[in-house]
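Here is my note on the model we talked about. Have the sequence and the 3D view open as you read, and take the points one at a time.

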Amino acid sequence: MNVKILVLASPRCPAFRVGLYRLTNSQCRVCRNSRAYATQDLSGRLPTSSRKQVTVTNDDGRVHWKELSVKEKVARTTQQTFHFGIILTGLVMTGGCAYFLYKEVISTDSKTVQFNRAVDRIRSDSRVKEALGSDHKIRAFGEPTWNRWARARPIASNRYKDSQGTEHFTMHFNAEGSSRRGIVNLHTFKAPGKAEWDYKYLALDVKGQPRIYLENSDFTPRKDTSRVNFLGMQLRK
């Protein structure tokens, strides 16, 4: 069956120089094949105009790298660099948070560990219970402030190293029982090469009462020098 159509043929089509033709079905197939061939480049790929252009914001990685133009390759490289930067920043922040958590909460050098150890000692001491009240109601907290949340207070502390390389840590905080309130003072030190902290002193001061020492390395019992041991006998000077 002959059809009457207007064809835009390629130079390869035999009917290229004619505007209006009566073509058979076989001639139409020749023209269609010629147009299909003309829309492809030498590498056999569809041209870039047949798909959406790849940009930094819409690139999903579906288009193969070899099919990208130079501009599209720059866009993909920029996008991947940005994503890599976000991942790297997240890793750095996670590592920083982990280091801060270890130094401030978990490590024996942290202020939190020193505070908790001192509070446990205070709550378990019978003299402190007598001075402040029941151990079940003894609370420890930091510096008094105008903040109505009385227990959310900063704890005063200081850390320094002396000329001999010994590390020192000092702290004071409030302790309150069912009947009274006092101030806890502590001083710990760590000699060079040691991993554990030792108490120099740990004391509780309650107004109107003598200081209660839970630890005091400066205190040494005085020796009685008025007696002399001679042949198993105690002689007084």
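**Notes on the fold and its contacts**

1. Let's begin with a pair of facing residues: L204 stands opposite I212 in β8. Strand β8 covers residues 212–216, and it pairs with β7 in the antiparallel sense over four bridges. Two strands count as paired if DSSP finds at least two bridges between them. β7 and β8 form a hairpin with five residues between them, and G208 in that turn has a positive phi of about 85°.

2. A word on what you are looking at: this is a predicted model, in which local features need pLDDT of at least 70 and side-chain atom pairs count only at pLDDT 80 or more, while totals for chains, interfaces and linings use all residues. Residues are numbered from 1 along each chain as its sequence is written, and side-chain values use heavy atoms, with hydrogens and water left out.

3. Now follow β7 to its other partner. Strand β6 (residues 181–190) and β7 (residues 198–206) pair in the antiparallel sense over eight bridges. Within this pairing, L186 has L202 in β7 as its bridge partner.

4. Stepping back, the protein has four helices and ten strands. Helices (H or I, at least four residues) and strands (E, at least two) are DSSP runs, numbered from the N terminus. Reading from the N terminus, the order is β-β-α-α-α-α-β-β-β-β-β-β-β-β.

5. How much of the protein is buried? Buried residues make up 24% of the 237 residues, where buried means under 20% relative accessible area, exposed means over 50%, and partly exposed lies in between (1.4 Å probe, protein chains only). The accessible surface comes to about 17,500 Å², and 57% of it belongs to carbon and sulfur atoms. Such areas come from the Shrake-Rupley method with a 1.4 Å probe; for residues, only the protein chains shown count as cover.

6. Next, find Q79 in helix α2. Is Q79 buried or exposed? Q79 is buried, because its relative accessible area is 11%. A polar atom of the Q79 side chain lies 3.1 Å from the backbone oxygen of D59. Leaving aside neighbours within four places in sequence, Q79 is in contact (heavy atoms within 4.5 Å) with V56 and D59.

7. V92 also belongs to helix α2, which spans residues 70–106. V92 counts as exposed because its relative accessible area is 57%. Together, F84, I87, L88, L91 and V92 make a nonpolar surface patch of about 540 Å². Patches are made of residues with over 30% relative accessible area and no salt bridge; like charges are joined within 9 Å, and nonpolar side chains (Val, Leu, Ile, Met, Phe, Trp, Tyr) within 5 Å.

8. Finally, look at the charged side chains. A salt bridge is a side-chain nitrogen of Lys or Arg within 4 Å of a carboxyl oxygen of Asp or Glu, and the count comes to nine. D60 pairs with R62 at 3.3 Å between the closest N and O atoms, and R62 is exposed at 75% relative accessible area. R181 and E176 meet at 3.7 Å, N to O; R181 is partly exposed at 43%, whereas E176 is buried at 17%. D198 and K194 meet at 2.7 Å, N to O. Salt bridges that share partners join R139, E176 and R181 into one network.

Terms used
Polar contact = N/O pair within 3.5 Å; in protein donor to acceptor, adjacent residues only side chain to side chain.
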